[in-house]
Amino acid sequence: MGHSSIFFICTLLLLHLLLLLLFSPSTCASASDDVVLHAKKLISDLNLFPDDDVNVVPVANSSLQPGKIVEKRLRFPNLVASDSEPSVEDLGHHAGYYRIEHSHAARMFYFFFESRNRKESPVVIWLTGGPGCSSELALFYENGPFKIADDLSLVWNEYGWDKVSNLLYVDQPTGTGFSYSTDLRDIRHNEDGVSNDLYDFIQAFFAKHPQYAKNDFFITGESYAGHYIPAFATRIHRGNKAKEGIHINLKGFAIGNGLTNPAIQYKAYPDYALEMGIIKKATRNRLNNLLVPACELAIKLCGTNGKTSCVAAYVACNLIFSDIMLHAGDTNVGKQIFLVWLTCQLTLSRLVKLIYFPNY
């Protein structure tokens with residue numbers, strides 16, 4: 001059954017490639033080149049495929065004991081001062097490592113930024129997805145206290161979440177970003193392993209910083225963190241219920257652009273792209289008849305067999321997105337994508353204003 005299913009997927013994918021060659025417009029080559037260049041730029045910018053799959057180093061650091069936080073206060077010599085912002089020296093900004101207690105030799109790296117408003121603000125932990133993308137991506141390019149200017153100096157981010165919260169950015173799972181281990185057995189392969197490590201981390205963090213332990217606590221993140229966040233929230237709830245360690249005042253979690261159920265979400269891509277005017281109906285129909293069934297079957301095989309079948313699922317399902325981008329030239333795609341982005345931005349800005357500034 002497994003071999004016949006894989007053969008079926010491969011047949012569908014080959015048929016899809018033939019259809020592209022036969023029926024794509026004459027501009028297909030240049031459009032394809034543009035898509036490839038765009039994809040390579042995104043991969044490079046976001047470090048989606050680093051040179052090493054995971055950070056496993058050969059030499060152990062014996063000075064870092066299990067369960068202990070090693071933390072340093074951050075300095076920002078390149079930060080451009082602002083009269084409207086507090087002095088960075090007055091804020092408790094730290095970076096550090098925590099050796100995960102229930103591991104062989106794993107070290108988890110994090111940044112912590114004290115709220116620009118008040119220390120009683122909620123503690124918010126941010127988890128970038130991937131899997132395998134460092135949370136520094138969000139820190140410097142999304143919602144962190146600072147942005148990197150063209151001259152490589154740091155400037156305050158007027159929309160930084162540290163205006164209303166104490167922010168934690170964690171490189172996770174082990175092997176991501178600056179987090180590493182000296183033992184391959186510390187590399188996690190499921191949500192249980194990831195959530196247990198994060199629970200150990202947050203327990204150690206609040207033990208090191210007890211002044212924040214009673215603050216409201218929120219878990220946030222994006223993309224593949226749509227898997228991590230619910231698992232971490234469940235682990236905290238279970239720990240609180242069992243009275244394990246420090247009680248964590250979990251108030252909620254938020255998932256942005258989350259990949260939570262690929263079988264449902266990838267299937268929705270063609271319909272969404274058609275609804276937004278990015279592709280034409282004929283392209284949607286072909287995707288639903290060819291690539292969507294291949295993606296669904298590949299995901300089932302991944303859930304059953306794991307390993308290489310999951311690589312096949314990744315390729316098969318992402319062909320849906322690649323195909324949409326390839327055929328987006330059939331419409332005024334730049335304008336359409338901008339309108340989708342603008343609509344989301346306006347909706348988000350209204351939501352933030354409603355939550356944080358209801359009287360304005």
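User: How are helices and strands picked out here?
Analyst: They are DSSP runs, helices being H or I with at least four residues and strands E with at least two, numbered from the N terminus. This is a predicted model, in which local features need pLDDT of at least 70, side-chain atom pairs count only at pLDDT 80 or more, and totals for chains, interfaces and linings use all residues. Residues are numbered from 1 along each chain as its sequence is written, and side-chain values use heavy atoms, leaving out hydrogens and water.

User: OK, which residues does the cis peptide bond join?
Analyst: Glutamine 172 and proline 173, with omega about 0 degrees. Proline 173 sits in the loop between β7 (166-170) and α4 (191-208).

User: What about phi at lysine 243?
Analyst: Lysine 243 is not a glycine, yet its phi is positive, about 60 degrees. Lysine 243 belongs to the loop between α5 (225-241) and β9 (250-256).

User: Is lysine 243 buried or exposed?
Analyst: Exposed, with a relative accessible area of 71%. Buried means under 20%, exposed over 50%, and partly exposed in between, using a 1.4 Å probe and protein chains only.

User: And asparagine 257, what is its phi?
Analyst: About 50 degrees, also positive in a residue that is not a glycine. Asparagine 257 is in the loop between β9 and α6 (262-275), and is exposed at 74% relative accessibility.

User: New topic: which residues of α7 meet α9?
Analyst: Thr283, Arg286 and Leu287 in α7 meet Ile320, Asp323, Ile324 and His327 in α9, where contact means heavy atoms within 4.5 Å.
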